[in-house]
Amino acid sequence: MTGSRIAVVGGGIVGVAVAREILRRQPDSAVTLFEKEDRLAAHQTGHNSGVVHAGLYYQPGSHKALLCRRGVTLLEEFCAERDIRRIGCGKVLVALDGAERARLDDIASRARANGVPGVRIIGAGELRELEPHVRGVAALHSPSTSIVDFAEVTEALAADAVAGGAQILLGHRVVGMQTGRDEVIISARRGETVRDGAFDRVVVCAGLHSDRLAALVGDGANPVIVPFRGEYYALKPQRRNLVNGLVYPVPDPRYPFLGVHLTPRVDGEVLIGPNAVLALAREGYTWRTVSVRDLVDIAGTPGFWRFARRHWRTGARELYGSVNRRRFLSAARAYVPDLADSDVVAGEAGVRAQALDSDGSLVDDFRLSFRERVVIVRNAPSPAATSSLAVAEHIVTTIEKPGSR
């Protein structure tokens, strides 16, 4: 890639980290990053709960596990170098009954296999010492789990990239990509003007729009992106002492989403959530945001209907919680009995770019695809923000390999 013209499409944390990593390795490359919004980290990165995941749940040896653990190390080093505030608040996975207690053993084994430091199963008494307002029969304690502001991290990564020579074009929506034998022509719209640029390589990190960008270069239809909105409540300031760290449920393998948990943030706010409801637009952060095009795409996706048939009961519960505050909070109250409906205010929501395969299964790991001179991040699930620096290393290493087109 020495001296190459490289475009990165997408100004979330993964795209910015890729631009930075390219210039760290090949400082004479000409890197241009296209972001359709007027700021970086506008969507999934900027609506992230801020958890630096330690790697508790992931199948040992999977991309998720390997990139998460490498990503944690790199992120912690980067935050220390840039004086970015990161709080090691710790995390407990709380078992409410014997069945959940039994599942903790498997999670603890996975965490240890992944190299997560300090994890151990604690009883109800020790749980109460760590979290006086939390109740459960047992918990898995991860003392190394921390929180950070990923939008702040993204801005710092962007500053590095710009210092290395990157050009960041905000407000530029990529509307076309034409691959040729020797280059890729990118068409980007700004206002009413469309301009073309030629590049030797392109890396697409488009999150909620990754499948649409993939279609521009003739990549396969699957996986498709289906947007799920995660809604939050926030504890009122005087009730933020209900938790000291992250309080999570024990994952249930029967259900596709984790469930409501309590998440302190570096600014002092404490979030309760998220749920998972089908968004009516790819950037549908409220029920009022509706995109006919996005809904038509969802309705025309066989994989979505297969997914819906399997999980309609879960979907109905999530929908009910979305419109009923008491039902939403009852899930959190199972862990924090002192939580009252009057303790919370409405919080912000995020939209998750959920990738679905044609058989209706959730794509659970990172997935890249390659089309001529274009690398496309087709799926970057949680813990993508935690893993972003490691993901960038992986992508750049992949395209540096001899014979890589």
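"Buried" here means under 20% relative accessible area, with exposed over 50% and partly exposed in between (1.4 Å probe, protein chains only). The model is predicted, so local features need pLDDT of at least 70 and side-chain atom pairs count only at pLDDT 80 or more, while totals for chains, interfaces and linings use all residues. Residues are numbered from 1 along each chain as its sequence is written, and side-chain values use heavy atoms, leaving out hydrogens and water.

**View 1. Strand β17, covered on both faces.** Look at residues 270-273: V270 and I272 are buried on one side, L271 and G273 on the other. (Strands are DSSP runs of E, at least two residues, and helices are runs of H or I, at least four, numbered from the N terminus.) In a regular strand, side chains alternate between the two faces of the sheet.

**View 2. The neighbours of β17.** Strands pair if DSSP finds at least two bridges between them. β16 (residues 261-264) joins β17 antiparallel over four bridges, with P264 opposite V270. β14 also runs antiparallel to β17, over two bridges, and A234 has L271 as its bridge partner. In the β16-β17 hairpin, five residues sit between the strands, and G268 takes a positive phi near 95 degrees.

**View 3. Helix α8 and its kink.** Find H311: a kink of about 75 degrees is centred there (the angle between axes fitted to the seven residues ending at a residue and the seven starting there). Among the buried residues of α8 are F304, F307 and T314.
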